[in-house]
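Good morning, and thank you for joining.

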Amino acid sequence: MTTKTRAVVLRTVRYGDSGLVVDMLTEQMGRISFMVKLPRSSKSKIHKQLFMPLSLVEVDFDFRPKASLQRLRDIRMDIPLPGLAMHPHKLALGMFLAEFLCHATRDENDNQPLFQFVAFSLEWLDGVEKGFANFHLVFMIRLSRFIGFFPNTDGAEEGGYFDLLGACFTPAPPLHGHFLTPDEASKISLLMRLNYKTMHLCAMTREERNRCTEVIVEYYRLHVPGFPALRSLDVLRQLFV
């Protein structure tokens, strides 16, 4: 079946001398892995620059349900995102988000709202000039709504705990050890009310932001089977004094 769809490049792995295995989140079919043979001719329409992580592209391929790797017929740029590659802080954020999305969306099938949220978010980050230090925090929390475990805000009162396993606020700490104390729970409650336009109003120190990042990543590790430790997290910790 011939398929044309928009896609976000998540990860590219070299295969042999001129091959690539490329993981993408597609608008029409969710997560798909492609085998790509890079042509040696400079006149070819398929260039390796199109496979940079977080590139927004449009792809054509013949979908084979039983194949673990699909064969790409054509690829072209959908929306250029030059700001993600040129701004040093955005570049580091992009490395983290690409690795995060690669694991968070691993089992996603057809989920157009998820794709549209990711694409919109990347376009927003590409165009913004300042005030995006909390972007990854708001992005990760809001993404959980599309995957199916957005925190339940009922009972998010002052002095409450947040149960990371139950994804809800509780008046007392749960018996297991995966919960946030009232002080940290209040910060997560605040983040859940923010969006990209208002997130600059939430002032944090680097230590507070890093702790929030660690908590949200741990939340995903508890709800997404096989979610690993993220290698790019160490780079992210150095940003935004």
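I shall begin with the basis of the values and then turn to the two topics.

This is a predicted model, in which local features need pLDDT of at least 70, side-chain atom pairs count only at pLDDT 80 or more, and totals for chains, interfaces and linings use all residues. Residues are numbered from 1 along each chain as its sequence is written, and side-chain values use heavy atoms, with hydrogens and water left out.

Helices here are DSSP runs of H or I of at least four residues, numbered from the N terminus. Helix α2 spans residues 88–104 and helix α4 residues 135–147; their axes come within 12 Å and cross at roughly 15°. Axes are lines fitted to C-alpha atoms over the stretch in contact, with angles from 0 to 180 degrees between N-to-C directions. α2 and α4 are therefore roughly parallel to each other, the term for angles under 35 degrees.

Which residues make the contact? From α2 they are L93, F96, L97, F100, L101 and A104, and from α4 F135, H136, F139, M140, L143 and I147, where contact means heavy atoms within 4.5 Å.

I turn now to the aromatic rings. Rings of Phe, Tyr and Trp (its six-membered ring) pair if their centres lie within 6.5 Å, and the count comes to 19 aromatic pairs. The rings of F100 and F227 have centres 6.0 Å apart and planes at 65°, so this pair is edge-to-face, a term for planes over 60 degrees apart. F100 lies in helix α2 and F227 in the loop between α6 and α7, 127 residues apart. Both F100 and F227 are buried, meaning under 20% relative accessible area with a 1.4 Å probe, protein chains only.

Notes: Helix = DSSP H or I, 4+ residues; strand = E, 2+ residues; numbered from the N terminus. Parallel < 35°, antiparallel > 145°, perpendicular 65-115°, else oblique. Phe/Tyr/Trp six-rings, centres within 6.5 Å; stacked < 30°, edge-to-face > 60°. Buried < 20%, exposed > 50% of the residue type's maximum accessible area, 1.4 Å probe, protein only.
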